[in-house]
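Keep the 3D view open and follow along point by point.

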Amino acid sequence: MMKEKLEGKTILGFEILEHGFCSMPLSGGYAVSAETLCRFIGQNGDFISTQDHGQMFGLTEPYDAADKIKKAIEGKKIIKANLAEDTGDLTLVMDGGRLEIICNSAGYECYQVNGPDNLIIIGRGGRQEHPTCRKSTSR
């Protein structure tokens with residue numbers, strides 16, 4: 001289902017909000033939001049991590065990972081959406097590179113895809129039921 005909802009969509013923007021929360025609106029009324037590490041890997045060797053956003057690294061201004069990722073992906077069409085079954089990681093492939101959304105928890109939701117008609121797809125790591133999840137036994 002994830003592939004069908006994301007492939008062919010155009011990326012309309014990218015921003016990093018408070019606490020590293022990432023937001024990426026897409027065409028067709030869809031959006032991807034992530035509360036985990038996102039990184040862009042360019043075909044030309046670029047590597048941009050949201051974890052580095054705001055760091056100084058000896059620069060005169062804080063590193064603006066949001067702007068760098070936005071410039072790399074904005075206006076691009078998602079050619080392929082890969083969902084890793086074992087980790088839940090989501091990779092969005094576009095001309096010039098890919099954006100990886102890395103699940104860093106097996107129990108908490110790491111990202112979500114929202115779309116028309118109240119669509120919500122939750123992405124979290126692992127295939128197994130998390131130990132803190134309980135199946136209801138009541139009828």
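1. Of the 139 residues of the protein, 37% count as buried; here buried means under 20% relative accessible area, exposed means over 50%, and partly exposed is in between, using a 1.4 Å probe and protein chains only. The accessible surface comes to about 8500 Å², and 48% of that belongs to carbon and sulfur atoms. Those areas come from the Shrake-Rupley method with a 1.4 Å probe, and for residues only the protein chains shown count as cover.

2. A word on what you are looking at. This is a predicted model, in which local features need pLDDT of at least 70 and side-chain atom pairs count only at pLDDT 80 or more, while totals for chains, interfaces and linings use all residues. Residues are numbered from 1 along each chain as its sequence is written, and side-chain values use heavy atoms, with hydrogens and water left out.

3. Now the overall form. The C-alpha trace spans about 60 × 35 × 25 Å along its principal axes.

4. Which elements build the protein? There are two helices and 10 strands, and from the N terminus on they run α-β-β-β-β-β-α-β-β-β-β-β. Helices (H or I, at least four residues) and strands (E, at least two) are DSSP runs, numbered from the N terminus.

5. Next, look for the open sheet of five strands, whose order is E1-E2-E3-E9-E10 with antiparallel pairing. Strand E1 (15–16) and strand E10 (119–124) stand at the edges with a single partner strand each, so one side of each has no neighbour in the sheet. Two strands pair if DSSP finds at least two bridges between them. E1 and strand E2 (residues 22–25) are joined by two bridges, and Glu15 stands opposite Ser23 in E2.

6. Two residues deserve a look at their backbone angles. Most residues other than glycine have a negative phi. His19, in the loop between E1 and E2, has a positive phi of about 65° and counts as exposed at 76% relative accessibility. Phe57 has a positive phi of about 50°; Phe57 sits in the loop between strand E5 (47–49) and helix H2 (65–73) and, at 53% relative accessibility, counts as exposed.

7. Stay in the loop between E5 and H2, where you will also find Gln55. Is Gln55 buried, exposed or partly exposed? At 39% relative accessibility, Gln55 counts as partly exposed. Leaving aside neighbours within four places in sequence, Gln55 is in contact (heavy atoms within 4.5 Å) with Glu61, Pro62 and Tyr63. The C-alpha atoms of Gln55 and Ala65 are separated by 9.2 Å, with the two residues 10 apart along the chain.

8. Finally, visit Thr91 in strand E7 (residues 90–94). Thr91 counts as buried, at 16% relative accessibility. Beyond its neighbours within four places in sequence, Thr91 is in contact with Lys80, Ala81, Asn82, Arg98, Leu99 and Glu100. For the protein as a whole, among contacts between residues at least 6 apart in sequence, 47% join residues at least 24 apart.
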